[in-house]
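Try each task before you read its solution.

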Amino acid sequence: MTGRDPIIVVRDLHVYFYTHAGIVRAVDGISFTVYRGETFCLVGETGCGKSVTAKALARIVPPPGKIVKGEIIFYPEPGKPIDVTKLGEKELERIRGRLIAYVFQDPSAALDPLYTVGYQLAETVKHHGIVKSFKEGFQLAAKLFRKVLMPDADERVKAYPHELSGGMKQRSVIAISLSTEPKLLIADEPTTALDVTVQAQVMDVLKRLKEEKNLTLILITHNMGLVAEMCDRVAVMYAGKIVEEAPVDELFKQPLHPYTKMLLQAVPDPSRRVERLESIPGSVPNPLNLPPGCRFHPRCPHALKRCREEEPPEVYVSPSHRVVCWLYAGGRRG
Ligand code: SF4
């Protein structure tokens with residue numbers, strides 16, 4: 001159920017990477033709110049800044065990246081705000097992995113090759129004081145592995161990561177992430193590294209556990225099919241900015257931003273036989289050298305002179321649907 005009770009409010013977030021080649025403005029002034037119990041998707045092509053945004057929420061942006069401006073207000077309980085950007089390492093440790101959990105794209109990178117997956121889950125719950133002993137931790141591991149539909153769960157608990165398939169590793173990571181009963185789960189392209197049938201199974205597990213535990217899920221993806229299946233609301237990112245945000249049905253029925261329209265047109269329709277699959281011409285701009293005005297203008301079929309010179313304003317076409325585009329600045333154009 002989507003309530004109107006915010007769990008995370010992001011205001012004017014800027015995340016920059018200070019490299020030898022220059023400043024990479026990966027996330028450049030974005031704001032959004034995620035409500036308790038919903039699934040919120042950040043969608044866009046690779047290089048749009050969605051993963052960096054997700055990492056910023058958990059304060060795991062790798063160096064030389066830095067949150068240079070903005071607020072990330074997390075509400076573990078209604079009415080109890082914590083500004084994640086201001087927390088010290090000790091306070092962060094209490095929140096990260098405990099109240100905010102993160103599922104990475106590559107499960108191998110998230111697991112320690114030296115320990116069994118059951119040990120890694122037991123260690124996590126013991127560290128966060130959820131169980132008193134490793135024995136209890138292992139019992140919980142077996143229970144959670146069954147919940148994520150790990151085949152032969154009681155035996156897999158004793159396996160090392162290299163003994164598991166990609167899908168099993170991702171199930172282990174999801175079990176570990178959920179073992180601390182987090183309030184917010186951030187899943188960053190959780191199925192990209194898996195083959196298609198396993199992708200569907202892993203997403204089913206996530207969907208079911210989210211419902212069971214009334215979790216809030218932030219899903220990072222470039223897959224519009226997953227967006228349609230999983231999400232309540234969607235924010236479309238392009239070159240470090242949010243260019244459109246809307247409830248999922250509205251976005252699919254009535255996309256407004258030219259980029260959103262092109263993303264949707266690029267989704268293959270299995271019922272239609274076509275010579276060539278649609279794609280979006282051009283590529284995401286180099287963040288070291290962003291175009292002036294609207295960052296999408298070099299690829300936009302509707303670009304006007306103004307688009308090349310001035311940043312477009314944010315326009316609310318309804319209380320829940322906003323778009324950043326000159327086409328809508330003087331009233332709506334379809
Ligand atoms: Fe296209 Fe202009 Fe809208 Fe940018 S502001 S998406 S260039 S029409």
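The exercises cover a sheet with its helix, and then a pocket.

This is a predicted model, in which local features need pLDDT of at least 70, side-chain atom pairs count only at pLDDT 80 or more, and totals for chains, interfaces and linings use all residues. Residues are numbered from 1 along each chain as its sequence is written, and side-chain values use heavy atoms, with hydrogens and water left out.

**Exercise 1.** Find the strand order of the open sheet of four strands and say which strands stand at the edges.

*Solution.* 
- Step 1: take strands as DSSP runs (E, at least two residues; helices are H or I, at least four), numbered from the N terminus.
- Step 2: count two strands as paired if DSSP finds at least two bridges between them.
- Step 3: the order reads β2-β1-β4-β5, with antiparallel pairing. β2 (22–35) and β5 (82–83) each have a single partner strand, so one side of each lacks a neighbour in the sheet.
- Step 4: look at β1 (residues 6–19), which is joined to β2 by eleven bridges; Y18 has I23 in β2 as its bridge partner.

**Exercise 2.** Describe the lining of the largest pocket.

*Solution.* 
- Step 1: α4 (117–127) is one of the elements that supply at least two lining residues, as are β6 (100–103) and α7 (166–178).
- Step 2: α4 gives the largest share, five residues.
- Step 3: sort the lining into twelve nonpolar, six polar and four charged residues, where Ala, Val, Leu, Ile, Met, Phe, Trp, Tyr, Cys and Pro count as nonpolar, Asp, Glu, Lys and Arg as charged, and the others, Gly among them, as polar.
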